[in-house]
Amino acid sequence: MLKYYGRTFLPWIALAIVSDFGALAGAIAGLVAAVVLLALDRLRSGIAWDALILETSTTVYMALLTALSFAAPGSPVLGYGASLAIAWLAVTAWGTLAAGRPFTAGIARRQVAPEIAAMEGFRRVNVVITTAWAAGFTVTAIALACVQHWAPHSTAVLVACKIAGFTLPAVFTARYSAKARERATAAATTAAAQPSL
């Protein structure tokens, strides 16, 4: 499951790494990665749009950031690029929860049978996982904004915040998903063992 998350966040990783060479370079790298991944998922793999919420949101953000970087390269807003990027992810995650369509469900649906994806338990698990990502993004965005405001040259702290902001929700996702699968398997085994009436 984590390989799907890593792939989904690839444009953000490209943005973070290439931004060391300038805001415009990072924005373009993120946009190119986002467009390529969205095209591969949608056109080549035929993944439905409702399963590409995060990818679509990522592409919109990268396009807006690229436009801003071209139009106003000296904008002070670009100095908060890391926190703005994570804040965008937080808004996207919270928005999908508010809309009743947790973004992690789209990723998870690619790995399970349709009958499992249609179950209420699948949706509940993804609400919990999306909430963890949304909370992680929110805390990370606030932490990055504070560092970028008060200690913008503290590269090690910025990197540590970014790593923690993605690693902690990813670890939670892996563990919570494994526990949910164990519970589902145990419930199915118990149901199968019950004598039919």
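**Close-up views of a predicted all-helix model**

A search of the whole structure finds 2 salt bridges, each being a side-chain nitrogen of Lys or Arg within 4 Å of a carboxyl oxygen of Asp or Glu. This is a predicted model, in which local features need pLDDT of at least 70 and side-chain atom pairs count only at pLDDT 80 or more, while totals for chains, interfaces and linings use all residues. Residues are numbered from 1 along each chain as its sequence is written, and side-chain values use heavy atoms, with hydrogens and water left out.

View 1. Helices (H or I, at least four residues) and strands (E, at least two) are DSSP runs, numbered from the N terminus. The element order is α-α-α-α-α-α-α-α-α. The C-alpha trace spans about 75 × 35 × 25 Å along its principal axes. Of the 197 residues, 36% are buried (buried is under 20% relative accessible area, exposed over 50%, partly exposed in between; 1.4 Å probe, protein chains only).

**View 2. Asp-41, Glu-55 and Arg-110 are linked in a network of salt bridges.** Side chains of opposite charge can pair when their charged atoms come close. Asp-41 meets Arg-110 at 3.9 Å, N to O. Asp-41 lies in helix 3 and Arg-110 in the loop between helix 6 (103-109) and helix 7 (114-117), so this pair ties together parts that are 69 residues apart in sequence. Arg-110 also forms a salt bridge with Glu-55, with the closest N and O atoms 2.9 Å apart. Glu-55 lies in helix 4 and Arg-110 in the loop between helix 6 and helix 7, so this pair ties together parts that are 55 residues apart in sequence. Asp-41 is buried at 3% relative accessibility. Glu-55 is buried too, at 7%. Arg-110 is partly exposed at 23%.

**View 3. Ile-28, Val-32, Val-36 and Phe-70 make a nonpolar surface patch of about 360 Å².** Patch residues have over 30% relative accessible area and no salt bridge; nonpolar side chains (Val, Leu, Ile, Met, Phe, Trp, Tyr) are joined within 5 Å, like charges within 9 Å. Helix 3 (residues 23-44) gives the largest share, 3 residues. Ile-28 is found in helix 3. Ile-28 is partly exposed, at 34% relative accessibility.

**View 4. Helix 2 (residues 10-18) and helix 4 (residues 53-71) cross at roughly 25 degrees, their axes coming within 10 Å.** That makes helix 2 roughly parallel to helix 4 (angles under 35 degrees count as roughly parallel). The crossing is left-handed.

Note on methods. Accessible areas come from the Shrake-Rupley method with a 1.4 Å probe; for residues, only the protein chains shown count as cover. Axes are lines fitted to C-alpha atoms, for helices over the stretch in contact, and angles run from 0 to 180 degrees between N-to-C directions. Angles under 35 degrees count as roughly parallel, over 145 as roughly antiparallel, 65 to 115 as roughly perpendicular and the rest as oblique. A crossing is left-handed if the near helix is turned anticlockwise from the far one by less than a right angle, and right-handed if clockwise.
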